[in-house]
Amino acid sequence: MPRRAPRNRVAAPVALQHTARVLEVRGLAKRYGDVVALDGADLSIGAGEICGLLGPNGAGKTTLASIVAGLLRADDGSVTIAGVDALHDGRRARTNLGFAPQELSIYPPVSVRENLTVFGELADVRGALLRRRIDEVAEAFELTALLDRPARAMSGGEKRRLHTAAAMIHRPALLLLDEPTTGVDVGTRARLLDAVRLLAADGTAICYSTHYLPEIEALGASVAIIDHGRVIARGKLDELVATHGEPAVDIIIDPPVPAAHDSTNGGPDGTIEHLADRIRIRGPHAANEIAHVLVGLGSDAARVRRIDVVSASLESVFLAITGRRFEADAGAQEVVSHGIRP
Amino acid sequence: MAFGRSGAIARNELRILRRDPTFVLIMLGMPLIVMAFTKPAFRAALIADGVAGANGAEQAVPGAAVLFGLFLVGNIGFTMFREHGWNTWERLRASWARPSEILAGKVVVPLAISALQIAVLFTAGVTFFGLHVRTSVVGLVLVAIGFGFALAGLGLALMSLCRSVMQLNAITNLSSILLSGLGGAITPLSTLPSWARHIAPVTPSYWAMRGFRAAILPGGSANQAAVSAAVLAGMGVICAAVGLARFRVDETKVSWA
């Protein structure tokens with residue numbers, strides 16, 4: 001029997017203002033043997049919109065991007081790019097697509113300019129136009145001084161910038177960036193985000209797959225949260241946070257977690273759940289309940305390992321919709337940074 | 001098919017080659033060295049074979065061209081495995097280029113190297129090794145073209161059939177030597193055992209050597225060379241068809257990574 005992904009509560013869609021739909025994904029399904037990778041995913045991205053495709057590892061982000069890019073066949077559903085059916089006329093649809101896969105994919109022996117040249121020429125950009133585009137993307141990604149350097153002689157961050165720049169050389173209507181900041185330093189991340197913003201301002205629809213929540217917030221992107229192969233929340237960041245972003249506190253305890261009793265049940269500022277390894281307080285003023293719960297734990301308080309405060313943010317949206325913390329799969333560093341060690 | 005996109009792939013291959021031309025230099029230099037020390041031995045063999053006035057270059061030059069030409073077969077496959085090693089294959093697939101355009105671009109540079117190799121070896125043969133093309137220069141050129149087609153087809157077939165670069169290396173090195181030996185490129189065909197002479201016509205090296213000899217030695221003809229060229233081109237087409245039938249764009253090739 002194929003494994004069915006648990007059905008998550010799907011958040012009510014928030015209306016987006018972008019009028020021209022560049023990417024339309026409807027009911028996309030993909031299965032690898034018994035494993036369901038995509039389970040009827042829907043996604044729509046408009047011109048000039050940055051959509052942060054957010055989800056833990058294995059949620060289906062890369063599978064979705066790979067199908068849109070024509071690298072994988074879908075079992076069911078539809079994908080249109082700029083109005084062209086990408087599942088039946090993939091090559092024509094790809095003329096509107098720029099794709100930077102998750103893995104670094106550049107030609108190490110040749111120069112930055114030559115890398116950009118080959119990807120430009122493959123998109124039928126040639127001559128003076130190609131030279132101008134190379135100069136433009138090189139400037140946007142701060143690669144101008146490195147144009148004649150062999151890619152293999154560049155730092156990891158520089159290679160990552162070249163990798164992403166190569167997807168933009170032909171100014172596609174839709175840009176798919178699959179975890180573009182994997183393994184880069186803070187400076188490179190900032191440059192990449194700046195370039196993405198510039199491109200969106202120019203009208204490009206951008207699907208930005210990541211599991212780093214702060215990047216989505218920094219980009220001011222709209223959000224599509226994908227989990228178990230379905231887009232379970234979609235909308236503008238601030239609206240999603242306003243609708244679903246109830247703050248929470250996780251008090252993480254060495255098991256067994258004490259059974260619920262009055263002293264560790266919620267006070268007026270939050271409702272409390274007793275989970276396998278934590279007590280979770282939810283509510284607009286959840287942090288006010290920490291002391292109340294710790295006192296209620298009595299001698300069990302000695303087994304408290306950490307207290308995580310999840311403020312109203314994308315993470316609290318993810319928690320509210322899935323019932324799970326984002327840290328379980330990825331992005332632990334972001335969550336730990338909020339943590340309080342007693 | 002858009003030649004522009006195949007051209008983009010071919011130019012990229014050329015740029016990569018320019019950054020490290022060692023392979024090409026070896027493929028041009030080594031056969032010259034081999035020709036220098038095999039020529040005297042082949043003189044006696046050719047005279048014993050009834051080729052009056054032979055100086056050995058008549059076997060040494062085409063033999064080296066065929067042997068080292070076959071070593072180029074792996075290069076076609078390697079250019080493809082390299083894309084998997086650098087993770088650029090998926091990027092190419094997501095580009096505007098059709099798979100056929102990518103493959104065409106991949107074949108161009110190895111074919112050009114093959115043409116350059118044959119041109120250099122025969123020019124050096126005439127200039128420094130006393131080779132006389134006594135029957136038909138046109139026939140020689142036709143055989144060289146047919147041989148190029150056969151190499152390209154063989155390269156495409158092996159690229160499709162091999163799953164890892166290690167398989168490709170092992171098979172191309174082994175088959176280069178085996179096919180050269182069977183086809184009479186390492187030693188004249190007349191010196192091979194009879195069983196080997198019987199199976200030799202299934203190899204492209206046999207038809208290449210036969211065609212080159214028809215163009216070089218007295219008693220041959222341009223027509224004989226043209227027949228060999230046609231057989232070689234046919235072999236190339238069959239091998240390419242096998243390669244294309246087996247080729248899967250979404251197959252994961254194991255490169256060095």
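User: Where is the place of Ala82(A) in chain A?

Analyst: In this predicted model, Ala82(A) lies in the loop between strand E4 (76-81) and strand E5 (84-85). Ala82(A) has a positive phi of about 50°, although it is not a glycine.

User: Why is Ala82(A) called buried?

Analyst: Count the C-beta atoms. Ala82(A) has 20 others within 10 Å. The cut-off for buried is 20 or more. Therefore Ala82(A) counts as buried.

User: Where is the place of His228(A)?

Analyst: His228(A) sits in a loop of chain A, between strand E9 (222-227) and strand E10 (230-236). His228(A) has a positive phi of about 50° and is not a glycine.

User: What makes His228(A) buried?

Analyst: There are 21 other C-beta atoms within 10 Å of His228(A). Buried needs 20 or more, so His228(A) qualifies.

User: Which bond joins Pro255(A) and Pro256(A)?

Analyst: A cis peptide bond, with omega about 0°. Pro256(A) belongs to the loop between strand E11 (248-253) and strand E12 (271-274) of chain A.

User: How many residues does the contact take from chain A and from chain B?

Analyst: Chain A gives 23 residues and chain B gives 19 residues. On the side of chain A that touches chain B, helix H2 (90-94), strand E6 (97-100) and helix H3 (112-122) of chain A each supply at least two residues. H3(A) gives the most to that side, with four residues.

User: How do the residues of the side of chain A that touches chain B divide?

Analyst: They divide into 14 nonpolar, three polar and six charged.

Methods
Residues numbered from 1 in each chain as written. Chains lettered and ligands numbered in written order. Predicted model: local features only at pLDDT ≥ 70, side-chain atom pairs only at ≥ 80, totals over all residues. Contact = placed C-beta atoms within 7 Å. Nonpolar A, V, L, I, M, F, W, Y, C, P; charged D, E, K, R; others polar. Buried ≥ 20, exposed ≤ 12 C-beta atoms within 10 Å, placed from the backbone.
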